[in-house]
Amino acid sequence: MYKAEGKVVSLGPIESYKNGSFKKRTFVIETGGKFSNQVAISASQAKLQDLDTVEVGQMVEVTCFPTSNEYQGKWYTEVKLWKLETNGQQASDTDFVDEPF
């Protein structure tokens, strides 16, 4: 598991798969600091409700885990949401941490 803190820069739409029985939504955070990264994180099924109160520009702390799958000789990696914490504040440029993700 990995923890990261950052500003939400994008909230994607809810996507449905398998005739609507599986739903997922991807959001992107920017970690800021000297080694700023943008990280796309996906939330699915029960974790979708965690994003209901999140807005672009808000600071969040996420606990997530990467998963990889092989398909036809190629590997695909996805970062999945485990836990999301918000403080309800909009981010400023000085709110970022200085450590890389």
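A salt bridge is taken here as a side-chain nitrogen of Lys or Arg within 4 Å of a carboxyl oxygen of Asp or Glu. The structure examined is a predicted model, and by this rule three salt bridges are counted in it.

Glu85 and Lys83 form one of these salt bridges, with their closest N and O atoms 3.4 Å apart. The pair is counted because that separation is within the 4 Å cut-off. Glu85 is partly exposed, at 34% relative accessibility. Lys83 is likewise classed as partly exposed, its relative accessible area being 42%.

A salt bridge is also found between Glu78 and Lys24, where the closest N and O atoms are 3.0 Å apart. Glu78 belongs to strand E6 (residues 74-90) and Lys24 to strand E3 (residues 22-30), so this contact ties together parts that are 54 residues apart in sequence. With a relative accessible area of 23%, Glu78 is partly exposed.

The side chains of Glu61 and Lys3 meet in a further salt bridge, with an N to O distance of 3.7 Å. Because Glu61 lies in strand E5 (residues 58-71) and Lys3 in strand E1 (residues 2-11), the pair links parts that are 58 residues apart in sequence. Glu61 has a relative accessible area of 26% and is partly exposed, whereas Lys3 is exposed, at 58% relative accessibility. Lys3 is assigned to the exposed class because its value of 58% is over 50%.

Notes. Residues are numbered from 1 along each chain as its sequence is written. This is a predicted model: local features need pLDDT of at least 70, side-chain atom pairs count only at pLDDT 80 or more; totals for chains, interfaces and linings use all residues. Side-chain values use heavy atoms; hydrogens and water are left out. Helices (H or I, at least four residues) and strands (E, at least two) are DSSP runs, numbered from the N terminus. Buried means under 20% relative accessible area, exposed over 50%, partly exposed in between (1.4 Å probe, protein chains only).
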